[in-house]
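Hi everyone, thanks for making time.

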Amino acid sequence: MAFEHYIQNGARKLRCGYTTGTCAALAAAGAAEQLLTGQAPERVSLVTPKGWQVEAELLHTALVGGVSTAAVAKDAGDDVDVTNGMLVFADVCLSRHPGIRIDGGEGIGRVTKPGLDQPVGAAAINSVPRRMITEQVSLVCEEAEYSGGLQVIIRVPGGRELSRRTFNPQLGIEGGLSILGSSGVVEPMSNQALVDTITLSIRQARAEGATCLILVPGNYGLHFIQEHGFDRRAPIVKCANFIGDALDAAGAEGFSSVLLVGHVGKLVKLAGGVMNTHSRYADCRTEIFCAHAAVCGADTALCRALMGAASSDGCIELLDTAGLRGAVMSGILASIDQHMKHRVAGKYCVGAVLFSNRYGLLGYTPTAADIMKTWE
């Protein structure tokens with residue numbers, strides 16, 4: 001029985017799935033019912049925090065030595081997810097302690113750094129899945145008229161190996177996967193998981209005491225700052241195309257300064273106020289070069305050439321030939337500075353450094369210069 005909820009992504013209709021947190025809650029409820037009644041249900045269901053009902057088959061049920069076991073298979077829908085199809089197990093047994101206690105077993109990571117959803121040392125089972133597990137197991141207890149305590153262990157065989165294909169090692173979650181999900185539902189091609197990972201990285205850097213942060217969209221920026229020694233000055237977070245979301249997260253975490261370092265082909269879009277730089281949302285690079293060149297006195301022929309350029313490096317080559325690179329880059333950097341300051345709304349100092357793999361350093365905003373001076 002497939003999870004029949006869909007979203008529209010452009011011209012495609014994509015099927016949604018449900019999170020590992022939903023799987024854990026379903027498995028725990030099924031295992032608890034088996035423990036308290038002696039009979040495992042064939043199927044289990046719940047209503048996710050999003051308000052959508054999920055029903056799944058209960059697998060691998062067993063009741064041995066006072067431990068009830070059940071599993072639910074992860075269904076990621078049409079999302080590209082390394083955990084799709086994996087089994088999330090719950091082992092439930094009676095406990096002398098009141099209430100419902102939750103921990104992680106095989107294949108569940110442990111938190112090793114501050115700033116994540118759970119404290120250091122805890123199993124990487126986030127707060128919403130913990131609440132879902134508690135709610136579903138509590139309902140079973142009520143129906144069975146059981147008022148004692150239960151111990152719930154969530155495990156994912158093979159989770160340690162799968163975790164190497166996730167961001168967990170970089171985030172400080174060691175030894176396995178995280179049990180995640182804030183809505184209980186997986187939306188295919190959703191950007192939210194990436195934004196959440198970036199936000200966690202920023203929160204973690206702040207929790208470790210950093211007050212200045214370096215953001216880089218990708219590996220080009222990372223290599224550039226390593227070559228110039230910036231990587232020894234402040235923690236670095238990759239923000240991909242989600243520059244606006246990363247700036248917002250830095251403000252929420254209380255950083256005093258943020259330096260954005262990136263390739264001109266991506267960061268030039270900020271001069272147009274574009275804070276998600278994926279080409280799906282905007283690809284205005286040549287238009288921005290052309291507009292600033294026109295303001296600096298470029299003739300019609302140069303403007304046409306800029307509009308037809310194949311890359312940002314191609315634009316710079318044209319500007320060099322016309323002797324306008326310096327003036328145009330100054331205008332672009334001033335616009336970037338304006339839009340970034342507008343986004344952060346005075347919460348902290350923010351600056352940007354632009355470079356090209358072909359031409360090297362192209363310039364930086366005035367605030368970027370101030371931030372770098374503090375490192376001298």
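This is a predicted model: local features need pLDDT of at least 70, side-chain atom pairs count only at pLDDT 80 or more; totals for chains, interfaces and linings use all residues.

Now for the overall view. The protein chain has 13 helices and 18 strands. Its C-alpha atoms fill a box of roughly 85 × 50 × 35 Å along the principal axes. There are 376 residues, and 51% of them count as buried. If we take the contacts with a separation of 6 or more, 66% are between residues 24 or more positions apart. The accessible surface comes to about 17,100 Å², with 49% of that belonging to carbon and sulfur atoms.

Let's go to helix H1, residues 20-37. How far apart are its end C-alpha atoms? They are 26 Å apart, which agrees with the 26 Å that 18 residues should span at 1.5 Å a residue. Of those 18 residues, 15 are buried, so H1 is largely enclosed by the rest of the structure. Just after H1 comes Gly-38, with a positive phi of about 85 degrees.

Helix H7, residues 243-253, also has a buried side to its story. Its buried residues are Ile-243, Gly-244, Ala-246, Leu-247, Ala-249, Ala-250 and Gly-251. What covers them? The cover includes helices H5 (192-207), H8 (264-267) and H12 (325-344), along with strands S14 (212-216), S16 (257-263) and S17 (349-356). H7 is followed by Gly-254, where phi is again positive, near 85 degrees.

Most residues other than glycine have a negative phi. With that in mind, look at Glu-145, whose phi is positive, near 55 degrees. Glu-145 sits in the loop between helix H2 (127-143) and strand S11 (149-155), and it counts as exposed at 74% relative accessibility. Ala-345 likewise has a positive phi near 55 degrees. You'll find Ala-345 in the loop between H12 and S17, and its relative accessibility of 59% makes it exposed.

On to the cysteines. How many disulfides are there? The count is zero, and we can follow the reasoning, because a disulfide needs a pair of cysteine sulfur atoms within 2.5 Å. For Cys-239, the closest cysteine sulfur is in Cys-212, 14 Å away, so a bond is ruled out by distance. Cys-349 also has its closest cysteine sulfur in Cys-212, at 9.4 Å, and that is too far for a bond as well. Are these two cysteines buried or exposed? Cys-239 is buried, with a relative accessible area of 0%, whereas Cys-349 is partly exposed at 43%.

Last stop: Gln-8, in strand S1, residues 6-9. Gln-8 is exposed, with a relative accessible area of 55%.

Key
Residues are numbered from 1 along each chain as its sequence is written. Side-chain values use heavy atoms; hydrogens and water are left out. Helices (H or I, at least four residues) and strands (E, at least two) are DSSP runs, numbered from the N terminus. Buried means under 20% relative accessible area, exposed over 50%, partly exposed in between (1.4 Å probe, protein chains only). Contact means heavy atoms within 4.5 Å. Accessible areas come from the Shrake-Rupley method with a 1.4 Å probe; for residues, only the protein chains shown count as cover. The expected span of a helix is 1.5 Å times one less than its number of residues.
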